[in-house]
Amino acid sequence: MVTKQLLKDLPEDADLRRADSLAREIFSDVANKWALLIIEALGERTLRFSEVRGEVEGISHKMLTQNLRMLERNGLVDRKVHPTVPPKVEYTLTEPGRALRATVDAICQWTQHHLGHIEGARQRFDA
């Protein structure tokens with residue numbers, strides 16, 4: 001967490017420790033498994049709804065819709081509707097979304113790197 005010294009020049013809304021801060025709200029939005037997996041799935045590509053759903057195994061139609069809307073609301077995903085019948089809707093990461101993807105990639109790498117250790121710890125804990 002960021003120290004008070006580093007936060008002194010930032011607005012109160014940037015303080016993740018404050019329950020009512022905008023930063024906490026944004027953090028809460030993007031720090032969920034579905035949002036992270038959607039960001040990772042989109043990567044540098046433009047995908048249709050069904051393609052995103054195919055990339056994120058186990059996500060329901062409802063959860064994908066809610067998370068894509070939340071990511072769009074936060075400016076991390078761009079939604080483009082083509083005027084066709086039926087409508088063609090495509091999703092792409094915005095510049096801030098691509099920047100966040102670098103962090104998501106790091107979390108994925110961390111998970112893969114420490115998978116064995118975590119699995120062993122869970123087995124010992126559950127024994």
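Visitor: How far apart are the end C-alpha atoms of residues 19-119, and how much of the span is helix or strand?
Guide: The end C-alpha atoms lie 33 Å apart. The span is 63% helix and 15% strand. UniProt lists residues 19-119 for "domain: HTH hxlR-type", in an unreviewed entry. Its positions are given in the numbering used here, feature names are shortened, and annotations may be inferred rather than shown by experiment.

Visitor: What kind of model is this, and which residues count?
Guide: This is a predicted model: local features need pLDDT of at least 70, side-chain atom pairs count only at pLDDT 80 or more, and totals for chains, interfaces and linings use all residues. Residues are numbered from 1 along each chain as its sequence is written, and side-chain values use heavy atoms, with hydrogens and water left out.

Visitor: What makes a run of residues a helix or a strand?
Guide: Both are DSSP runs, numbered from the N terminus: helices are H or I over at least four residues, strands are E over at least two. The chain comes to six helices and three strands. From the N terminus on, the order is α-α-α-β-α-α-β-β-α.

Visitor: Why is α3 called roughly perpendicular to α5?
Guide: Helix α3 (residues 33-42) and helix α5 (residues 61-73) pack at about 75 degrees. Their axes are 10 Å apart. Roughly perpendicular covers 65 to 115 degrees (under 35 is roughly parallel, over 145 roughly antiparallel, the rest oblique). That angle therefore makes α3 roughly perpendicular to α5. The axes are lines fitted to C-alpha atoms, for helices over the stretch in contact, and angles run from 0 to 180 degrees between N-to-C directions.

Visitor: Which residues of α3 and α5 meet?
Guide: From α3 come W34, A35, I38 and I39. From α5 come M63, L64, N67, L68, M70 and L71. Contact means heavy atoms within 4.5 Å. Nine of the residues are nonpolar, one is polar and none is charged. Here Ala, Val, Leu, Ile, Met, Phe, Trp, Tyr, Cys and Pro count as nonpolar; Asp, Glu, Lys and Arg as charged; the others, Gly among them, as polar.

Visitor: Why do β1 and β2 stand at the edges?
Guide: The open sheet runs in the order β1-β3-β2, with antiparallel pairing. β1 (46-48) and β2 each have a single partner strand, so one side of each lacks a neighbour in the sheet. The twist averages 30 degrees from one strand to the next.

Visitor: How do you know that β2 and β3 pair, and how many bridges join them?
Guide: Pairing takes at least two DSSP bridges. Strand β2 (residues 77-82) and strand β3 (residues 88-93) have six, running antiparallel. K80 has E90 as its bridge partner, and D78 stands opposite T92. A hairpin of five residues joins the strands. P86 is found in that loop, and the V85 to P86 peptide bond is cis, with omega near -5 degrees.

Visitor: How many bridges link β1 and β3?
Guide: Three, in the antiparallel sense. L47 has Y91 as its bridge partner. T46 has T92.
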